[in-house]
Each structure stands twice: as structure tokens, then as C-alpha cells.
Amino acid sequence: MNTIARIALLGATSSLLAACGGGGFLDRDRPDEFAVQRQAPLVVPPDFNLVPPAPGAPRPAEGSAAEQTLEALFGGPAQRSTVETSALDRAGVAEPGIRSQVGSEGTNTVAKGRVTRDIIAAPEGDGATAQAVIPG
């Protein structure tokens with residue numbers, strides 16, 4: 001090993017070991033992160049009127065999981081706007097058997113199953129050989 005490599009290795013080792021030491025100009029007083037701000041005292045809320053439940057009493061009805069989810073997401077029922085009320089009034093009331101009539105032969109529907117299946121099954125590519133076919 002030549003002299004320059006030994007000096008470089010000795011210098012690197014010395015600087016690494018110096019970083020582990022505590023003292024000299026690197027040793028200074030640092031602020032305590034817990035002493036930066038004074039902690040506020042604990043206070044009992046002024047309207048602390050909770051009463052513990054009686055032993056054996058049933059739990060209060062809090063609603064189903066779906067109702068709790070809707071309440072958490074949307075904040076409960078809200079007043080309808082005039083535009084929404086007007087649109088609902090113009091739409092009228094749905095017939096009671098509307099769901100059973102949707103699947104009947106007299107109901108006009110658009111079959112999107114085959115088209116959607118063909119789009120999903122289309123081969124990948126840059127579209128250079130793509131053709132438009134209009135069904136006749």
C-alpha cells in the first residue's frame with residue numbers, strides 16, 4: 001500500500017471516530033423539545049352530565065352500521081334546495097310495480113353486454129390496423 005493511500009485511510013478513520021466523540025466545539029447545549037411549550041392544565045368540561053349506564057340495561061339504539069356510515073360520510077339529512085324540490089315534483093311518483101316491469105318484453109332496452117365484451121376483448125396495439133364497422 002502506498003503512502004498516499006495510508007494517509008487517506010488514516011484521515012477517513014480519524015474523521016469517523018471524531019464524529020462519535022462528545023466534546024470540543026461540537027458539544028453545545030441544545031434546547032429540550034419538551035420544554036419548548038408549557039403544557040396546559042387538564043380541565044373538566046363544563047357540561048359533563050354523563051351518567052353511567054345502569055347494570056343490565058340494554059344499549060341505546062344507535063342505528064344500523066349503514067346508517068352510521070351515511071351519518072359519518074354525509075352528516076345526516078339536510079334541507080332540499082328549491083331546485084331539487086322542483087325536479088322531484090316534476091318527476092312525479094314512481095309506479096309501485098316499476099321494478100317488475102323493467103324486465104318485461106314490452107320494455108325497450110339497449111343491450112350493451114356484447115359491445116362491452118368486444119371492447120374488453122380487443123387486442124392491444126397502436127390502432128394502425130383498426131377498422132370501424134357500422135352494423136347494418
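Trainee: How many helices and how many strands are there in the protein chain?

Mentor: This predicted model has five helices and zero strands in its protein chain, and reading along the sequence gives the pattern α-α-α-α-α.

Trainee: How confident is the predictor, and in which helix is confidence lowest or highest?

Mentor: The mean pLDDT of the protein chain is 77, with 85% of its residues reaching 70 or more. Among the helices, H4 (residues 98–102) has the lowest confidence, with a mean of 72, whereas H3 has the highest, at 89.

Trainee: What share of the residues of the protein chain counts as buried?

Mentor: A residue must fall under 20% relative accessible area to be called buried, and of the 136 residues in the protein chain 0% count as such. The accessible surface of the chain comes to about 14,100 Å², and carbon and sulfur atoms account for 60% of that surface.

Trainee: Why is helix H2 said to lie largely in the open?

Mentor: The number of buried residues among the ten of H2 is zero, so the helix lies largely in the open.

Trainee: What makes the contact between Glu-84 and Arg-80 a salt bridge?

Mentor: The definition asks for a side-chain nitrogen of Lys or Arg within 4 Å of a carboxyl oxygen of Asp or Glu; the side chains of Arg-80 and Glu-84 meet at 3.8 Å, N to O, and therefore the pair qualifies. The structure holds one salt bridge.

Trainee: Why is Arg-80 called exposed, while Glu-84 is called partly exposed?

Mentor: The exposed class begins over 50% relative accessible area, and Arg-80, at 56%, therefore counts as exposed. Glu-84 has a relative accessible area of 39%, which lies between the 20% and 50% limits, so the term partly exposed applies.

Trainee: Which residues make the nonpolar surface patch?

Mentor: Leu-70, Leu-73 and Phe-74 make a nonpolar surface patch of about 380 Å², and Leu-70 is found in helix H2, which covers residues 65–74.

Trainee: What makes such a group of residues a patch?

Mentor: Each member needs over 30% relative accessible area and no salt bridge, and nonpolar side chains are joined within 5 Å; Leu-70, Leu-73 and Phe-74 are therefore grouped as one nonpolar patch.

Key. Residues are numbered from 1 along each chain as its sequence is written. This is a predicted model: local features need pLDDT of at least 70, side-chain atom pairs count only at pLDDT 80 or more; totals for chains, interfaces and linings use all residues. Side-chain values use heavy atoms; hydrogens and water are left out. Patches are made of residues with over 30% relative accessible area and no salt bridge: like charges are joined within 9 Å, nonpolar side chains (Val, Leu, Ile, Met, Phe, Trp, Tyr) within 5 Å. Accessible areas come from the Shrake-Rupley method with a 1.4 Å probe; for residues, only the protein chains shown count as cover. Helices (H or I, at least four residues) and strands (E, at least two) are DSSP runs, numbered from the N terminus. Buried means under 20% relative accessible area, exposed over 50%, partly exposed in between (1.4 Å probe, protein chains only). pLDDT is the predictor's confidence in each residue, from 0 to 100.
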